[in-house]
Amino acid sequence: MWRFTWIYYLVRDVTPRWLCDFCSVPNPWLNLLWNIGKVALITGSSKSTGAAIAKALAAQGASVVVNYSKDVKSAEELAHQINAASLHSLFTSLSPSSSEIDPREKSANNHDAQTPGPRIQQQQAVVVKADPSTVAGGQHLLQETLRLFGRLDILVLNAGLMGSKTLSEMDETFFDAHFNVNVKAPLFLVKSAAKVMQKPGGRIIFLSTSLTAASTLLPNALCYVASKGAVEQLSRVLAKDLGTQGFTVNTVAPGPVDTALFREGKPQYIIDGIAAQIPSRRIAEPEDIAPIVAFLASPSAQWINGQIIGVNGGYVV
Ligand SMILES: NC(=O)c1ccc[n+]([C@@H]2O[C@H](COP(=O)([O-])OP(=O)(O)OC[C@H]3O[C@@H](n4cnc5c(N)ncnc54)[C@H](OP(=O)(O)O)[C@@H]3O)[C@@H](O)[C@H]2O)c1
């Protein structure tokens, strides 16, 4: 297989850049290929924003781990869609097998001694069941990613909880649920992942909300906004910490996105009222958010680090 390895690296690392230079095509064109050979893990990606992010990263050539905790049907449909559209098996058949990984990458990929040897997947998308609201769920996700693909380059902390309760309505369980899924579990997943992710070049992307910067807050946004505020602050600090190892750590903060999470408990007139506050008079679709995450995961975004990127169509300016 070694004799084909050079083709793999040529396709992955050299050809897209050369083609762009040759055709004088600007960087976005590179998007088509620049994540070939990379592996992305997206928490809560069975549907909605996470699913759109998985598709966008897969379209750039990355292998993706589609994580679900309840909705196995949507997760499997998504993986099937990605695999059906994939040229991935062509590239993985050319790629070095686990025992033939480039020694430079092997040393950079500081695998724990207990991690089972990588098994390069022929499929571009795989489905992994794990509860991303617990530290144990995050560990399981990470171990499965390494077992199935042998590496991790891009980590997107997407799974989130958005409950609505005022101070007088909320209790400790409600508070803990928000901080567990939005803050604690993602932070501990990053802690473990940082040890094994590819360096330099690893990409960590959190999801926050435009509400952390909005003045039009409702009193029942208390736990959601507080937990997302924590996400933003920890991502800024992690950028300083993990940035020394060649990672970037950023947060994408969407405005209202038309998903189950957003619609829950909102009558249509409320949704129409929110849409009216957005210059284009519509709520975002997950596909409005995903390309920004995919861009942050790309080599072109290497100088964006520790930033909170608002993606809200002008809802919050
Ligand atoms: N929608 C918005 O308006 C909006 C705005 C700003 C920011 N955001 C943020 O964007 C991210 C994605 O939001 P979304 O609207 O796409 O969410 P969503 O529709 O609820 O997405 C669901 C995904 O997250 C998983 N998930 C949901 N709640 C979970 C929980 N408590 N524990 C574990 N997994 C859970 C689901 O997996 P299973 O169904 O398989 O369990 C599913 O894959 C979140 O971090 C959210 O805070 C959303």
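Which residues of the largest nonpolar core touch the most other members?

## Nonpolar cores

In this predicted model, the residues of the largest nonpolar core that touch the most other members are Ala40, Ala54, Leu57, Val64, Val66, Leu155 and Val293. The core holds 63 residues. Beyond its neighbours within four places in sequence, Val293 is in contact with Ile53, Ala56, Val156, Ile205 and Val252. A separate core of 6 residues includes Leu211, Cys223, Tyr224 and Val225. In soluble globular proteins, nonpolar side chains tend to be buried together.

## Overall make-up

The protein chain has 317 residues, and 42% of them are buried. Its secondary structure comprises 11 helices and 7 strands. Of the contacts between residues at least 6 apart in sequence, 78% join residues at least 24 apart.

## The sheet

The 7 strands form an open sheet with parallel pairing, in the order S3-S2-S1-S4-S5-S6-S7. Strand S3 (125-129) and strand S7 (308-311) are at the edges; each has a single partner strand, so one side of each lacks a neighbour in the sheet. On average, neighbouring strands are turned by 20° against each other, direction ignored. Helix H3 (residues 72-84) packs on this sheet, where H3 touches strand S2 (63-68) and S3. The direction of H3 makes about 165° with that of S3.

Strands of a sheet pair through backbone hydrogen bonds, either parallel or antiparallel. Here strand S4 (residues 154-157) pairs with strand S5 (residues 203-207) in the parallel sense over 4 bridges. In this pair, Val156 stands opposite Ile205 of S5; both residues are among the contacts of Val293. S5 also runs parallel to S6, to which 5 bridges join it. Leu207 stands opposite Val252 in S6, and Val252 is another contact of Val293.

## Strand S6

How many residues of strand S6 are buried? In S6 (residues 248-254), 7 of 7 residues are buried. Thr248, Asn250, Val252 and Pro254 point one way from the strand, while Val249, Thr251 and Ala253 point the other way. In a regular strand the side chains alternate between the two faces of the sheet.

## Around the ligand

The shell around the ligand has 29 residues, of which Gly44, Ser48, Thr49, Gly160 and Thr259 come nearest. Helix H2 (48-59) and helix H9 (260-263) are the elements that give two or more residues to this shell. By class, the shell divides into 13 nonpolar, 12 polar and 4 charged residues.

Notes. Residues numbered from 1 in each chain as written. Predicted model: local features only at pLDDT ≥ 70, side-chain atom pairs only at ≥ 80, totals over all residues. Buried ≥ 20, exposed ≤ 12 C-beta atoms within 10 Å, placed from the backbone. Contact = placed C-beta atoms within 7 Å. Near = placed C-beta within 6 Å. Nonpolar A, V, L, I, M, F, W, Y, C, P; charged D, E, K, R; others polar. Pairing = 2+ DSSP bridges. Axes fitted to C-alpha atoms, helices over the stretch in contact; angles between N-to-C directions. Core = buried A, V, L, I, M, F, W, Y, C linked by C-beta atoms within 7 Å.
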